Every structure is written in structure tokens, then in C-alpha cells.
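Biologist: I have not worked with this protein before. Could you take me through it step by step?

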Amino acid sequence: MSDEFLPFSRPLISQAAIDDVVACLKSGWITTGPRVAQFTEALKEYFNAPHALPLMSATTGLHLALLAMNLEPGDEVITTPLTFAATLNTIVLAGGKPVLVDIDPKTLNMDINQLESAITEHTRIILPVHFAGLPLDLDLLYAIAEKHGLRVLEDAAHAIGTKYKDKRIGSFGDTQVFSFHPNKNMTTGEGGCVVTRDVELADQIARLRFHGVDRQAWNRYGKSGNQDYEIVLPGYKSNMMDIQAAIGIHQLKELPDFIARRNELAKRYQEALSDWPQWTIPQLPAYDHLHSWHIYTPLINEDAAQMNRNEFMQAMKERNIGTGLHYRAVHLYPYYRQVFGFKPGDYPYAEDVCERIVSLPLFPSMTDAEHDRVLDTMYTIFNQ
Ligand SMILES: Cc1ncc(COP(=O)(O)O)c(C=O)c1O
């Protein structure tokens with residue numbers, strides 16, 4: 001057994017990014033400034049989108065985008081129970097009511113076939129999650145949204161680099177939110193961004209992210225800057241710093257290589273595990289897509305494995321290998337049970353998956369030898 005702990009995820013920060021962070025620190029301007037402006041332009045170009053807004057996190061992105069969509073009390077937002085709590089939390093924080101649609105047990109994404117039956121006269125927004133970086137069938141989803149006059153806010157926290165058919169997530173549709181948390185496909189430390197084709201939404205998010213100031217005021221202390229500004233609403237403090245953007249500018253350039261390596265490693269798992277009775281491996285939809293493999297999440301088959309998911313995770317940890325749990329079913333957390341009355345049995349597919357899912361190590365700098373170590377260790381655990 002190796003003495004070295006293998007984490008389930010590890011960011012890959014290039015020397016160029018490190019040098020740029022140092023240059024930023026020495027430049028005298030470390031908060032929102034020229035590097036955030038440069039990162040913003042790079043994101044717009046990457047997504048071929050008119051508006052991209054770097055922020056402190058994807059959580060903030062969801063929150064501000066939902067606020068900017070002006071939910072009224074009682075308005076419903078439809079999402080999935082298989083997601084990080086931030087997806088539901090921000091719906092509540094923005095004044096909405098989360099309404100859930102169970103997952104498709106094959107793709108682990110919201111089951112689009114069940115979507116229409118969840119739409120009521122109070123529904124305003126559909127908030128799907130591209131789970132693990134696998135795109136939903138967006139042609140179908142947007143057709144339903146259009147038919148019912150609903151907005152779509154895609155939680156694309158897992159999905160920078162993902163393509164649906166031949167189009168990048170973020171390059172079409174209504175509005176998307178991406179995460180740059182260290183576990184994600186690219187990172188800025190903490191960070192995220194909103195991408196939209198709606199100029200009014202973009203302007204409102206820009207105001208909300210910086211105190212409600214009516215214009216980009218980052219350079220007001222510079223020689224050409226103007227000290228004066230107006231507050232047009234009570235905003236938040238959610239702007240990204242230049243220190244973060246210094247990392248992001250380089251990560252965005254390196255992203256295609258990261259996604260390519262993620263795909264190699266995922267393919268390696270798929271091939272190696274396809275005939276292991278202990279696992280149900282991820283299944284892929286028939287439509288053309290590029291998966292970004294933010295996480296690799298097979299489901300444990302308890303009978304064949306003779307252990308449950310938590311026992312498996314513990315056995316891996318004892319052998320110095322980290323795994324992840326994405327996610328527990330959000331509707332079964334105490335707050336959601338107490339306030340919205342969710343209960344076990346409401347979303348059976350999600351609940352089954354949440355008991356069996358595990359994220360195996362996968363990150364761009366993972367070597368083939370480290371990958372083999374994961375496979376060998378799992379073999380030992382199941383066959384001892
Ligand atoms: C589906 C989903 N949405 C939102 C978030 C929030 O992202 P952030 O950590 O950047 O706020 C995450 C983070 O894990 C996530 O997985």
C-alpha cells in the first residue's frame with residue numbers, strides 16, 4: 001500500500017498562472033481590475049457570448065441570476081434533487097420555491113420526460129444541472145421552456161468544457177452559471193461566472209455584484225478614474241479579484257487539455273469497470289455530446305460488493321485513496337423537509353442513486369500509474 005494519499009481531485013496550476021499571480025501581487029492592484037477585465041473578455045470569446053460576469057463563486061452566480069430574474073413570492077423554480085445544496089439554497093434565498101423533478105436513473109440528470117408534469121401556473125424558471133458535466137437534452141428542454149414561457153437558468157457548475165451536440169454549454173440558450181472551485185474543470189481558487197445573452201439581466205447582475213453601483217467602478221482610484229458613483233439598489237459584494245482572474249486567464253487556455261485528460265481517464269475507468277459486478281458504470285445518452293467528466297461517479301451494487309457505499313469509501317481511505325460523495329439527496333436535508341415537506345420516497349431514483357454513488361479519483365494531473373492504483377485497490381477491497 002502506498003503511503004502517499006491520493007485525493008479524489010487536485011487542481012493543476014501551471015507555472016504561467018503562478019507567475020501571473022505573483023505579477024498581480026506585485027502590481028499594486030489585487031482586487032477587481034485589469035485582469036478581471038481581461039478574463040471577462042476571454043470568457044466572452046470562449047463562450048462566444050455577449051455577456052460574461054466573473055464572480056466570487058457559482059453559488060453567488062445562481063443567487064444573483066435568480067434575483068435578477070425577479071422572482072415574486074410563490075414563484076416556483078424547477079430543479080433536480082441530485083445536486084449540491086447551493087442549487088436549492090439560492091432558489092430559496094432569491095425568494096423562490098424549489099420544485100423537484102426526479103432524475104433519469106441512466107444519465108443522472110433531471111428526467112425531461114417528467115418535466116412538463118411539474119410545471120404549474122406558478123412556475124417561472126427551469127434550473128437544470130448538467131450533472132458531472134453530462135449535458136441534458138437541451139433541444140427538448142428549451143422546447144418545453146418556450147412552450148410554457150419559462151426562463152432557463154442552467155446550473156453548469158460541472159460543465160465548463162461540455163458540448164451539447166456541437167455547441168459549447170454557455171454558447172447558446174438563456175443563462176448559464178459556471179463554477180471555478182478547485183475541484184471543478186478549471187479553477188480560480190474560489191470563483192464562478194454567469195454567462196447570458198440577456199443584456200438587462202447582465203446589467204442587473206453587474207449592479208448586484210458590486211453594492212448596487214451603477215457602473216463598473218473598479219478604476220475609480222486610478223488617474224483617469226472618477227471617484228463619484230451612484231447606488232441604484234442595495235447590492236452585494238460578489239466581485240472577483242484580479243488575483244483570482246490571474247489564475248483563471250491561464251486555466252481557461254489550458255481547459256481543452258484538462259478536458260481531454262479527464263476524458264482519457266474516464267474512458268479508462270469505463271473500460272476497466274464495465275464487467276465488474278460491484279459497479280453500475282455511468283451511462284451515456286444517444287445524442288452527440290462532449291462530456292467534461294467533472295466527476296466520475298459509478299453506483300455501487302451492494303450485493304455484489306458485499307458492502308455499502310460508505311463502507312467502500314472508508315476502505316479506500318484506509319488504503320490512502322480519497323473518494324467523493326456527490327451528493328446526498330438535497331430534499332432530505334432537515335431544512336428542506338421541515339420547510340417544504342419533502343420526505344423519503346418523494347424522488348425514488350435520486351434517493352437510490354444518492355445511497356450508492358461515489359466519485360472516484362479523477363483530475364487532469366492524475367497519472368496512469370495513479371489510475372491503476374485506484375483499480376488495483378478496489379480489486380483488493382472487493383476480493384479479499
Ligand atoms: C451543481 C453545483 N451547483 C453549484 C455549486 C456551487 O459552486 P461554488 O462552489 O463555485 O459556489 C456547486 C459546487 O460544488 C455544484 O456542484
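Predicted model: local features only at pLDDT ≥ 70, side-chain atom pairs only at ≥ 80, totals over all residues.

Biologist: Which residues are closest to the ligand?

Modeller: The closest are Thr 59, Asp 155, Ser 179, Lys 184 and Tyr 327. In total, 15 residues surround the ligand.

Biologist: What does Asp 155 do there, in terms of polar atoms?

Modeller: A polar atom in the side chain of Asp 155 is 2.7 Å from a nitrogen atom of the ligand.

Biologist: And which ligand atom lies 2.7 Å from the side chain of Lys 184?

Modeller: For Lys 184, the polar side-chain atom lies 2.7 Å from an oxygen atom of the ligand. Tyr 327 also places a polar side-chain atom 2.7 Å from an oxygen atom of the ligand.

Biologist: How much of the ligand does the protein bury?

Modeller: The protein buries 92% of the 400 Å² that the ligand exposes when taken alone.

Biologist: Which residues of α13 are buried?

Modeller: The buried residues are Glu 370, His 371, Arg 373, Val 374, Leu 375, Thr 377, Met 378, Ile 381 and Phe 382.

Biologist: What covers them?

Modeller: The cover includes the helices α8 (242–273), α9 (302–305) and α10 (309–318), together with the strands β10 (279–280) and β12 (299–300).

Biologist: What does His 371 touch?

Modeller: Leaving aside residues up to four places away in sequence, His 371 touches Leu 265, Arg 268, Tyr 269 and Met 366. With Leu 265 there is a polar pair: its backbone oxygen lies 3.1 Å from a polar atom of the His 371 side chain.

Biologist: Now the sheet with β6. In what order do its strands run?

Modeller: The order is β7-β6-β11, in an open sheet of three strands with antiparallel pairing. Strands β7 (167–168) and β11 (289–290) are at the edges; each has a single partner strand, so one side of each is left without a neighbour in the sheet.

Biologist: How many bridges join β6 and β7?

Modeller: Two bridges pair β6 (residues 163–164) with β7 in the antiparallel sense. Tyr 164 has Lys 167 in β7 as its bridge partner.

Methods
Residues numbered from 1 in each chain as written. Heavy atoms only, no water. Buried < 20%, exposed > 50% of the residue type's maximum accessible area, 1.4 Å probe, protein only. Helix = DSSP H or I, 4+ residues; strand = E, 2+ residues; numbered from the N terminus. Contact = heavy atoms within 4.5 Å. Polar contact = N/O pair within 3.5 Å; in protein donor to acceptor, adjacent residues only side chain to side chain. Pairing = 2+ DSSP bridges. Near = heavy atom within 4 Å. Areas by Shrake-Rupley, 256 points an atom, 1.4 Å probe, with all protein chains shown as cover.
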